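Visitor: I have a structure here and some questions about how its pieces pack. Can you walk me through it?

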Amino acid sequence: MKRIITVTVINQSGVLNRVTGLLMKRQFNIESITVGHTENPEISKMTFVVNVEDEQKLEQLLKQLQKQVDVLKVNDITEKQIVVRELALLKVVSPPAVRAEINSIIEPFRASIIDTGKNVVTFQVTGSPEKIDAFIDLLKPYGIKELTRTGVTAFVRETQKVNAPQLSILK
Amino acid sequence: MKLTVEEAEQVYEEPITTKAPRQLNGADVFIETLKKHQVEVIFGYPGGAVLPIYDALYKNPIKHILARHEQGAIHAAEGYARVSGKVGVVIATSGPGATNLVTGIADAMMDSIPLVVFTGQVATTVIGTDAFQEADIIGITQPITKHNYQVKDVADFPRIINEAFHIASTGRPGPVVVDIPKNMATSLFVTPEENSQEVNLPGYQPTTKPNFLQIQKAAQAISTAKQPLILAGAGVLFAKATNELAVFAEKYQIPITNTLLGLGGIEGNHPLFLGMAGMHGTYTANMAIQTCDLLINVGARFDDRLTGNLNYFAPNAKVVHIDIDPAEIGKNVPTEIPIVADAKEALEALLAQGSPNGNTAAWLESLNISKEQYPFHYQASEERGLLPQQVLELVHEYTNGDAVVTTDVGQHQMWTAQYYKFTQPHNWVTSGGLGTMGFGFPAAIGAQLAKPNAKVVSIVGDAGFQMTLQELSLLQELRIPVKVIILNNQALGMVRQWQETFHGERFSQSLIPVQPDFVKLAEAYDIKGYKIETFEDAKVLLKEALESDEPVLIDCRVVQKESVYPMVAPGKGLHEMIGVKPE
């Protein structure tokens, strides 16, 4: 099962290595990871998407992360009300003949053109990973020359639905 | 008029320093900080990158044990830490000095031994350039330390050392590495000296007090259990909770089994003690785990050598798990009642929960019958020769179970665990989790330094001993009366046993008939050596050797074709023990 986990850490050198090394040592596979400092430059936040086998493994993962001296807080936010965003850049083959057509496709996604060449246009799109998947699928037939995604970063929403299901250990 | 410092500063418009600034460098502050932590002995080995530190040590001495190899130094520190309950301190130089420590660091991590390990490093100006004797020891040790640091600013020395000692010795103990670039040790230290040893680690707050609700649940479970069992691990020893454990077991009349590392947590001859459980534990202890209805784990981590195949482990038991490390709870065995706490505080809280109303008499009686029916067994005869079990029974007899005993890993370790009945806690030093050959002998040196008046016996195999025997120099130099007993079967005994049982007797690279003459080797180090080949000789010579006030080495030539039984074969459940009765 795919889980979104945020880890708040003290921002010092080696901390990313420590956290990813821990995940490697305990045989967890990171699907994506984003890191950046928070409103306090001494504190960073990492957002992982991790694939775990079952709840027992997930519990282990959270506890092992929490055990690290530099880790302040660990949260599995998968089942909370959250906002999730990812950014993708795509270089798409776009000769003048189809450019108008492509532009009309990308419009509902609120993607923007950030670079144009003779036959190639570079798009930037942000949104949930599902939205980005859909965007990529739509542009595939035109020929994607290059694609890069940042991985997700996420926030818990201010208002939570009561009784949002949670793992017992997180209660 | 008396002014406070702040008021005086306002008057004179400049900071008042109560002490004239001294020209201390990082290395001086390093030694001073160790002294503040009451470090009484350092195990180490100098080299290029730690020259400034050894220079500061020369000027401001702390007792330093110069091992003959860094691995010897760190295993000695582990033995010292295990027996004294204090933090073991190690210093080695950069590069090869540091990498030679890796086995010991991993060993300490697995067995939760508090160590602070200082490694030299090349100067910060050349880190990352593949400089002479440079190794990324922070990267290398990151997965095998509780935490590690590199000093990047000389002003950080006191803080980092304070934090290192705090992290190593609190919560679940473990090794902390502090990497010291050479120019940090030589830089002038200008920050005013502070006496404070307080640490501020918001991300490290171990829970020691048990949750009251969980304690109530556990007490409730105990009062309704008919066949409860305590599994006590090394956590009991680290928490210094051996008295509480005995009182708890006696009050509720609950039998106790130990993990390998937990031995000594309860007296070896205690009527409620079933012996060690696990792969080579007693049949009674293992069957008690398989049939109990309540399993109270106090400070053990359900290691695979203890549990056997998890699918069959303790099938009828409700599990209570007391552990200071929350990550151990539920890791291997599903747990109904988790108690994150220090073992002593948890046992005290349980004891405060009123009087027991469970009745375990029938359960205890059946276990006592089992204990009588299934003791450890071996078949001795004059033709077979000297058996390792006979040696260990004599060692136990001649030391009254009071000795500090250290071992490596393997057959000799299992036999020692089976036959040596500890009367005291903190006398058992063995490499459990990592299973390190070459651990026992240097660990005995550290143990003897921690307890100068104790009888320290190092039981080792002939193969493991040869991995760290260079430390015989320390016995020669320090004249500390460590007794080295080699159970010499001219083989890697446990490898040989597994090859016999699971690999069709194909003894691939496990037999080593060519050996040094251990008696002559001892003599080369100015140590008295004994060679024992028969049980009759053993009775006389072992007694003489163990009663000596000098270091001795005893080469016991034991039967090679002897296996450790009973045994839970790998992949099997604890109830599937083989070799429980003599054939």
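Guide: Start with a definition. Two strands pair if DSSP finds at least two bridges between them. Keep in mind that this is a predicted model.

Visitor: In what order do the strands of the open sheet of six strands in chain B run?
Guide: This chain B sheet is open and its pairing is parallel. Its edge strands are E16 (428-429) and E19 (528-532), each pairing on one side only. Reading across, the order is E16-E15-E17-E18-E20-E19.

Visitor: How many bridges join strand E15 and strand E17 of chain B?
Guide: E15 spans residues 404-407 of chain B and E17 spans 456-461. One residue pair to look for is Thr406(B), which stands opposite Ser458(B) in E17(B). The two strands run in the parallel sense, and the bridges number four.

Visitor: What angle does helix H19 of chain B make with E17(B)?
Guide: H19 covers residues 440-450 of chain B and packs on the sheet. It touches E15, E16, E17 and strand E18 (483-488) of chain B. Its direction makes an angle with that of E17(B) of about 175°.

Visitor: Are H12(B) and H15(B) roughly parallel or roughly antiparallel to each other?
Guide: H12 (residues 242-252) and H15 (residues 343-351) of chain B pack with their axes 9 Å apart, at an angle of about 30°. Angles under 35 degrees count as roughly parallel. The two helices, H12(B) and H15(B), are therefore roughly parallel.

Visitor: How many charged residues does the contact of H12(B) with H15(B) have?
Guide: From H12(B) come Glu244(B), Leu245(B), Val247(B), Phe248(B) and Lys251(B). They meet Lys344(B), Leu347(B), Glu348(B), Leu350(B) and Leu351(B) in H15(B). By class, the contact has six nonpolar residues and no polar ones; the charged residues number four.

Visitor: What term describes how H17(B) lies to H18(B)?
Guide: H17 (388-399) and H18 (411-419) of chain B have axes 9 Å apart and pack at about 45°. H17(B) passes H18(B) in a right-handed crossing. The angle makes the arrangement of H17(B) to H18(B) oblique.

Visitor: Over to chain A. Why do E2 and E4 of chain A each have one side without a neighbour in the sheet?
Guide: The open sheet of four strands has the order E2-E3-E1-E4 in chain A, with antiparallel pairing. E2 and E4 (71-76) stand at its edges, so one side of each is left without a neighbour in the sheet, as each has a single partner strand.

Visitor: Which residue is the bridge partner of Ile30(A) in E3(A)?
Guide: E2(A) and E3(A) pair in the antiparallel sense over eight bridges. In E3(A), the partner of Ile30(A) is Val50(A).

Visitor: What angle does H2(A) make with E4(A)?
Guide: Two helices to check on this sheet are H1 and H2 of chain A. H1 (residues 15-25) touches E1 (2-10), E2 and E3 of chain A. H2 (residues 55-67) touches E1, E3 and E4 of chain A, and its direction makes an angle with that of E4(A) of about 160°.

Visitor: How far apart are the C-alpha centres of the two domains of chain A?
Guide: Chain A is divided into domain 1 (2-76) and domain 2 (83-153). Their contact takes six residues from domain 1 and five residues from domain 2 of chain A. The C-alpha centres of these domains are separated by 30 Å.

Visitor: Which element gives the largest share of the side of chain A that touches chain B?
Guide: 17 residues of chain A are in contact with 13 residues of chain B. The elements giving two or more residues to the chain A side are H1, H2 and E4 of chain A. The largest share, six residues, comes from H2(A).

Technical notes
Residues are numbered from 1 along each chain as its sequence is written. Chains are lettered from A and ligands numbered from 1 in the order in which they are written. This is a predicted model: local features need pLDDT of at least 70, side-chain atom pairs count only at pLDDT 80 or more; totals for chains, interfaces and linings use all residues. Domain bounds come from an automatic or database domain assignment. Two residues are in contact if their C-beta atoms, placed from the backbone, lie within 7 Å. Axes are lines fitted to C-alpha atoms, for helices over the stretch in contact, and angles run from 0 to 180 degrees between N-to-C directions. Angles under 35 degrees count as roughly parallel, over 145 as roughly antiparallel, 65 to 115 as roughly perpendicular and the rest as oblique. A crossing is left-handed if the near helix is turned anticlockwise from the far one by less than a right angle, and right-handed if clockwise. Ala, Val, Leu, Ile, Met, Phe, Trp, Tyr, Cys and Pro count as nonpolar, Asp, Glu, Lys and Arg as charged, and the others, Gly among them, as polar.
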